[in-house]
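Here is my note on the model. Please read the points next to the coordinates.

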Amino acid sequence: MVGKAKYDALFIYGVAYLVFIYAPVLLIVLFSFNNGLYVAFPLKEMTVKWYAEMVNNPGLTKALGVSLRIAAFVSVVSTILGVLAAKAVTRYYLPGRAAITFTIMLPLVIPTIVFAIGLLIILAKFLGLQPSTWSIIAGHVLLCVPFSMAVLISRLQGFDKNLEEASQDLGENAWQTFWRVTFPLAMPGIVASFLLCFTTSFDEYLMAAFLSGNDTTLPVYIYSQLRFPQKLPGTLALGSCILVVSFVIVTFAEYMRRRGVNSDQGLGI
């Protein structure tokens with residue numbers, strides 16, 4: 001009876017937690033179909049006009065395109081740097097390795113606004129440059145590399161180094177060993193790193209707010225539109241679309257993770 005009571009309590013807590021986390025998100029989807037300007041009950045008749053308005057909003061589509069381009073570029077660069085850093089840390093002896101790793105991981109614990117202000121001062125005062133898309137990319141790479149490195153260190157430490165040594169014993173050089181052995185085994189981690197960096201860059205606001213020039217990213221654009229009630233329904237429609245895409249991305253990432261686990265079990269790792 002005690003075990004059953006604990007199970008019931010944990011079950012109720014889990015359901016309440018899920019409702020607390022996801023109910024606001026589901027309300028965004030619900031109100032995106034509401035034929036009214038204000039987020040309030042009771043709902044008016046259902047409509048999809050806000051989705052059509054979203055598509056026909058040039059400012060919103062431009063901001064979305066800017067965010068997608070920045071996130072894609074940042075994801076590729078951050079994942080490449082993360083692969084190199086993770087391989088260096090896990091496969092080679094580096095003097096001061098702990099200090100190097102700690103320095104790279106600092107953006108995970110230092111508030112983003114500190115880095116944003118610091119980069120803005122460096123650009124404006126020392127380099128004499130104006131904020132632009134490239135400054136946003138630099139800031140986002142600074143934030144995303146630690147995430148990429150953390151994911152890839154875990155992945156590279158998850159399989160036997162003897163596989164790489166066996167490849168080199170059979171005559172492969174370091175590059176061929178990486179491409180034919182390390183890279184396929186690390187692919188689930190690389191995909192996870194890319195998706196994590198993409199989501200982090202796409203969602204990041206503070207860096208973009210401080211370092212953006214004429215090209216506004218989507219989070220900055222959305223925040224600027226929340227002051228106008230007539231703009232809110234279109235923003236809710238966009239949020240619903242992003243939610244669906246995020247669900248697809250998370251599902252794909254989970255598929256890749258399970259595929260990596262199964263491949264490791266097949267190799268006996």
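1. Surface. Accessible areas come from the Shrake-Rupley method with a 1.4 Å probe, and for residues only the protein chains shown count as cover. On that basis the protein chain has about 16300 Å² of accessible surface, and carbon and sulfur atoms hold 71% of that surface.

2. Provenance. This is a predicted model: local features need pLDDT of at least 70, side-chain atom pairs count only at pLDDT 80 or more, and totals for chains, interfaces and linings use all residues. Residues are numbered from 1 along each chain as its sequence is written, and side-chain values use heavy atoms, with hydrogens and water left out.

3. Fold content. The protein chain has 11 helices and 0 strands. Both are DSSP runs numbered from the N terminus (helices: H or I, at least four residues; strands: E, at least two). Read from the N terminus, the order is α-α-α-α-α-α-α-α-α-α-α.

4. Packing. Of the 269 residues in the protein chain, 34% are buried. Buried means under 20% relative accessible area (1.4 Å probe, protein chains only). Contact means heavy atoms within 4.5 Å. Take the contacts between residues at least 6 apart in sequence: 74% of them join residues at least 24 apart.

5. Largest pocket. A pocket is an open set of points on a 1 Å grid over the protein atoms alone, with protein on both sides within 12 Å along at least five of seven lines; a cavity is a set where a 1.4 Å probe fits but cannot get out. Volume is the space filled by probe spheres set on the points, which are joined across faces, edges and corners. The largest pocket holds about 950 Å³. Its lining counts 31 residues, and Phe 202, Gly 239, Ile 242, Leu 243 and Ser 246 are the closest to the centre. Lining residues have an atom within 4 Å of a point.

6. Who lines the pocket? Helices H1 (2-31), H3 (58-91), H8 (174-203), H10 (218-225) and H11 (232-267) each give two or more residues to the lining of the largest pocket. H11 provides the largest share, 15 residues. By class, this lining has 25 nonpolar, 5 polar and 1 charged residues. Here Ala, Val, Leu, Ile, Met, Phe, Trp, Tyr, Cys and Pro count as nonpolar, Asp, Glu, Lys and Arg as charged, and the others, Gly among them, as polar.

7. Cavities. How many cavities of 30 Å³ or more does a search of the whole structure find? The search finds 3. The second largest cavity has a volume of about 50 Å³. Its lining includes Val 83, Lys 87, Leu 152 and Phe 178. H3, H6 (133-156) and H8 each supply at least two lining residues, with the largest share, 5 residues, from H8. The lining splits into 7 nonpolar, 1 polar and 1 charged residues.

8. His 140. This residue lies in helix H6. Is His 140 buried or exposed? His 140 is buried, at 2% relative accessible area. Its side chain makes a polar contact with the side chain of Ser 201 (2.8 Å). A polar contact is a pair of N or O atoms within 3.5 Å; within protein, one must be able to donate a hydrogen and the other to accept it, and residues adjacent in sequence count only if both atoms are side-chain atoms. Leaving out residues up to four places away in sequence, His 140 touches Ile 70, Val 74, Ser 201, Glu 204, Met 207 and Ala 208.

9. Ser 135. Helix H6 also holds Ser 135. Ser 135 is buried, with a relative accessible area of 8%. A polar atom of its side chain lies 2.5 Å from the backbone oxygen of Ser 132. Beyond four places in sequence, Ser 135 touches Leu 123 and Leu 211.

Note on methods:
Buried means under 20% relative accessible area, exposed over 50%, partly exposed in between (1.4 Å probe, protein chains only).
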